[in-house]
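Thanks for coming, everyone. Let me put the structure up, and then I'll walk you through it.

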Amino acid sequence: MAAGGECDDRLRAVVELAQSMAAARTPLDTVAAAAERVMTALGGSFAAVSVWERERGRLRVMVNAGELTAGEERFPEDESYPVHDFPEIAEFLHEEWAGGGTEPRAWVESMDGAAETGGGQGAYRHERVAALRRRGRGYCVVAPVVLHGRAWGELYVARPPGAPAFCRADADFATVLAAVAAAGIAQTEQLEEVRRLAFTDPLTGLANRRAVDARLDEAVERHLADGVVVSLVVCDLNGLKRVNDTQGHAVGDRLLERFGSVLSLCGAMLPGALAARLGGDEFCLLTVGPDADEVVAVAAQLCRRAAALELGEGVSCGIASTGDPIGPVATARRLFRLADAAQYRAKAARAAEPVVAGRAGGPADPVVQLADHPPAAPAAERRRFRGRRP
């Protein structure tokens with residue numbers, strides 16, 4: 001049994017692990033914090049967190065921490081291993097606990113092939129021992145990570161040759177740490193799902209207005225700091241009301257979904273573009289980096305593809321880009337107003353091509369004038385241009 005001081009150290013390690021994972025901002029940060037804290041708690045020189053991707057039948061390494069060997073990366077792009085080489089994830093663990101048996105327990109391996117499973121079962125040693133020798137490591141402890149009653153992946157901690165070997169007490173402690181890590185990962189996944197729902201349009205699966213506002217604020221800050229080109233395409237899907245009135249809202253929803261797919265396809269032609277539904281029949285593309293001419297060319301293709309849809313009456317597109325002569329863009333609000341004004345002009349003219357702010361006279365351009373000095377409108381008029389839109 002661990003002495004009092006050791007118990008205190010381990011309790012402190014558990015608390016620090018939970019706190020570090022809770023403070024992480026992304027799922028990858030969460031697993032990185034887990035790897036670092038578990039490695040320290042177990043006195044290891046290396047740690048990794050891997051996830052079992054069932055659909056691909058592989059263990060994919062998400063993060064490596066500590067002393068890396070040749071070929072290892074902190075955040076590997078594609079370091080993965082067939083799960084049949086490590087069947088304990090799919091077989092041993094399932095047989096031991098998924099069917100109502102004991103709780104998942106960590107086990108220890110060493111480069112000489114000696115193992116301490118602690119569970120009365122033979123260890124699946126071949127690939128583990130080979131990996132230790134290949135990487136020049138002496139011992140490892142492997143702890144399953146279980147979420148919602150299913151094997152999610154594993155925590156792996158290693159020590160170098162000559163260091164004290166891991167013992168059964170270390171494996172038991174690793175089991176506890178893996179359970180804490182699992183709770184942290186589960187919480188992060190739940191938060192990610194909440195964030196996804198908060199920033200996603202439920203009908204089309206595109207980003208929503210909230211996501212656009214957040215990304216546009218960041219983009220304008222980058223533009224002001226280093227001059228990066230920021231462009232906004234605002235689209236109004238024509239004919240949606242007619243479709244809803246004559247064929248029903250289910251058909252109208254199908255039109256919205258189909259145009260959303262077209263918008264996503266076109267947006268993929270612009271690196272890093274954000275495709276979004278602002279609400280109702282309004283959509284947008286936000287780009288950071290591509291020059292204005294690239295954005296205009298893609299928007300023109302978007303108009304052509306929308307016109308070819310079986311339902312609806314095409315789309316009216318307006319574009320505002322800091323790469324065009326539209327005057328200073330100090331706020332996200334101004335760029336949005338410019339794109340909205342361009343879309344309003346496209347709608348009024350029934351234009352088949354995008355209308356681009358600033359390309360018909362710079363600051364004297366009628367779109368720029370409309371955005372900066374919107375005329376008053378009768379209350380009864382259903383205006384497509386919202387002069388006070390943020």
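Predicted model: local features only at pLDDT ≥ 70, side-chain atom pairs only at ≥ 80, totals over all residues.

Residues are numbered from 1 along each chain as its sequence is written, and side-chain values use heavy atoms, with hydrogens and water left out.

So, the overview. The protein has 11 helices and 12 strands; these are DSSP runs, H or I of at least four residues for helices and E of at least two for strands, numbered from the N terminus. Of its 390 residues, 49% are buried, where buried means under 20% relative accessible area, exposed over 50%, and partly exposed in between, with a 1.4 Å probe and protein chains only. Taking contacts between residues at least 6 apart in sequence, 64% join residues at least 24 apart; contact here means heavy atoms within 4.5 Å.

Now the spaces inside. On a 1 Å grid over the protein atoms alone, a cavity is a set of points where a 1.4 Å probe fits but cannot get out, a pocket is an open set with protein on both sides within 12 Å along at least five of seven lines, and lining residues have an atom within 4 Å of a point. Grid points are joined across faces, edges and corners, and a volume is the space filled by probe spheres set on the points.

How many cavities of 30 Å³ or more are there? The count comes to one, and the volume of this largest cavity is about 280 Å³. Its lining has 18 residues, with Val61, Glu79, Tyr81, Ala131 and Tyr156 nearest the centre. Strand 1 (46-53), strand 2 (58-66), helix 4 (126-135) and strand 7 (150-159) are the elements that each give two or more residues. Helix 4 gives the most, with five. By class, the lining of the largest cavity has nine nonpolar, two polar and seven charged residues; Ala, Val, Leu, Ile, Met, Phe, Trp, Tyr, Cys and Pro count as nonpolar, Asp, Glu, Lys and Arg as charged, and the others, Gly among them, as polar.

Let's stay with helix 4 for a moment. Its buried residues are Arg128, Val129, Ala131 and Leu132. Just after helix 4, Gly136 takes a positive phi of about 70°.

On to the largest pocket, with a volume of about 250 Å³. It is lined by 13 residues, and Asn238, Glu313, Ser316, Arg350 and Ala351 lie nearest its centre. Helix 9 (292-307) and strand 11 (315-321) each give two or more residues, and helix 9 gives the most, with three. That lining divides into five nonpolar, four polar and four charged residues.

Most residues other than glycine have a negative phi, yet Arg350 has a phi near 50°. Arg350 lies in the loop between helix 10 (332-349) and strand 12 (355-356), and it is exposed, at 75% relative accessible area.

Next, two helix pairs. The axes of helix 7 (residues 240-247) and helix 8 (residues 249-267) come within 7 Å and cross at roughly 150°. Axes are lines fitted to C-alpha atoms, for helices over the stretch in contact, and angles run from 0 to 180 degrees between N-to-C directions. That contact has five nonpolar, four polar and no charged residues. For helix 6 (residues 209-226) and helix 10, the axes come within 9 Å and cross at roughly 115°. Here the classes are six nonpolar, no polar and three charged.

Finally, the leucines. Leu274, in strand 9 (residues 274-279), is buried at 11% relative accessibility. Among its contacts beyond four places in sequence are Ala211, Val212 and Leu286. Leu191, in helix 5 (residues 168-198), is partly exposed at 42%. Its C-alpha atom is separated by 9.4 Å from that of Pro27, 164 residues apart along the chain.

Thanks, and I'm happy to take questions.
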